[in-house]
Amino acid sequence: MVDDEKTLVEILDEHTPIDISKYINYVSAPQAGAIATFSGTTRDTFEGKQVVELRYEAYVPMAIKCMKSICSSARSSWNLHSVAVVHRLGPVLVGETSVFIAASSVHRVDALEACKFVIDEVKASVPIWKKEVYSDGEVWKENSEFSERRLDFGKDDDDGRSGVKEVEKVHRHERKSCCGAKVKVKDESAAEIIPSNGVGERN
Amino acid sequence: MEGETSSDIVGLTVTDKKNENSSVKIKVLFFARARDLTGLTDTPLEVPSGSTAGECLSKLMAAFPGLQEISSCVVVALNEEYTNESAIVKDKDELAIIPPISGG
């Protein structure tokens, strides 16, 4: 366990743009050879309609708890140095970033896979909502990831974190080596075995 | 006893000790579409002691018929954690009505 492992979770007030360099700097470390990031940005169209902006709101204390729980879950599945997750509230214009995730690790596979896991989990379980605003109306969006996950809410796992995907049981035995055989559990619940090529890193 | 104040909890007195288990008062939070449909960000709710989150939800649906539009797709959170509808609510709990989320 690295002593200076760090996790940062933030929800920004309205009209506060995300300074991605702050979060990249946060996760940077001499020991970490890889930094993986994800940026969610407002698209200009949805089903042919012109999007003016997205407006975000959140159940802030619970959202922060959920995001911390997701980072915890990521740490138990991948060998991470630092993780940062930040989400904006209020209006986010086309092209602007609403959510940003940065993860660092010694070898790249951990940061890359953890980054994907975190955004997938944010979309499935964190109580944040966005309203899509068009020139002629507005509508609350719904993440399909939430619909797939909602039956799991309220069922506690061993760690009491309801709703967060159970990857740690699958990955726990893999922590020592990033180059060994991996069983990857997809959303469709099909298990796929990725064999080790025996030489160097897989990805 | 006759002459006592009725169901409103106005403060603890010695006689209230006999009644302290009869009802609980919780705070209900409405988000996103739920807030649009009720016109409220939050509301107090008093329910019989031992009521479940599901029973609270039913009471809310009755009090705010507009909520029925999303009744099949909301989840609830109790004290900032997702819960299922059989969870028992306690006094001063915070129950959040969570329509389908769309963060990220």
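The model is predicted, so local features need pLDDT of at least 70 and side-chain atom pairs count only at pLDDT 80 or more, while totals for chains, interfaces and linings use all residues. Residues are numbered from 1 along each chain as its sequence is written, chains are lettered from A and ligands numbered from 1 in the order in which they are written, and side-chain values use heavy atoms, with hydrogens and water left out.

## Chain A at a glance

Of its 203 residues, 47% are buried; here buried means under 20% relative accessible area, exposed means over 50%, and partly exposed lies in between (1.4 Å probe, protein chains only). Contacts (heavy atoms within 4.5 Å) with a separation of 6 or more in chain A come to 68% from residues 24 or more positions apart.

## Where the chains meet

How many residues of chain B are in contact with chain A? There are 26 of them, and they touch 32 residues of chain A. The size of an interface is often given as the accessible area lost when the parts come together. Here chain B and chain A bury about 2400 Å² between them, with 56% of it on carbon and sulfur atoms; buried area is the accessible area (1.4 Å probe) that two parts lose on being put together, summed over both.

Between chain B and chain A, 20 residue pairs are in polar contact, both residues being at pLDDT 80 or more. A polar contact is a pair of N or O atoms within 3.5 Å; within protein, one must be able to donate a hydrogen and the other to accept it, and residues adjacent in sequence count only if both atoms are side-chain atoms. On the side of chain B that touches chain A, α1 (32-38), β3 (75-78), β4 (81-83) and β5 (94-98) each supply at least two residues. The most comes from α1(B), with four residues. By class, this side of chain B has 13 nonpolar, seven polar and six charged residues. Nonpolar covers Ala, Val, Leu, Ile, Met, Phe, Trp, Tyr, Cys and Pro, charged covers Asp, Glu, Lys and Arg, and the others, Gly among them, are polar.

## The nonpolar cores

A nonpolar core is a set of buried Ala, Val, Leu, Ile, Met, Phe, Trp, Tyr and Cys residues joined through side-chain atoms within 4.5 Å. The largest one has 47 residues, and those that touch the most other members are Tyr59(A), Val85(A), Val118(A), Val126(A), Trp129(A), Tyr82(B) and Ile98(B). Not counting residues up to four places away in sequence, Tyr59(A) touches residues of both chains, including Pro127(A), Trp129(A), Leu29(B), Phe31(B) and Ile98(B). A second, separate core of 22 residues includes Phe30(B), Ala34(B), Val47(B) and Val89(B).

Phe30(B) is also one of the residues in contact with Thr43(B), along with Ile26(B), Leu60(B) and Phe64(B) among others, leaving aside neighbours within four places in sequence. Thr43(B) sits in strand β2 (residues 42-48) of chain B and is buried at 12% relative accessible area.

## Salt bridges

A salt bridge is a side-chain nitrogen of Lys or Arg within 4 Å of a carboxyl oxygen of Asp or Glu. The whole structure has 14 of them over all chains, and three cross the interface of chain B and chain A. Here are some examples.

| Salt bridge | N to O distance |
|---|---|
| Lys65(A) and Glu80(B) | 3.2 Å |
| Lys116(A) and Asp120(A) | 2.6 Å |
| Arg33(B) and Glu69(B) | 2.6 Å |

Lys116(A) and Asp120(A) both lie in helix α3 (residues 108-125) of chain A, four residues apart, about one turn of the helix. Lys116(A) is exposed at 52%, whereas Asp120(A) is partly exposed at 25% relative accessible area.

## Two positive phi angles

Most residues other than glycine have a negative phi. Ala32(B), in helix α1 of chain B, has a positive phi near 50 degrees and is buried at 1%. Lys92(B) has a positive phi of about 70 degrees; Lys92(B) lies in the loop between β4 and β5 of chain B and is exposed at 71%.
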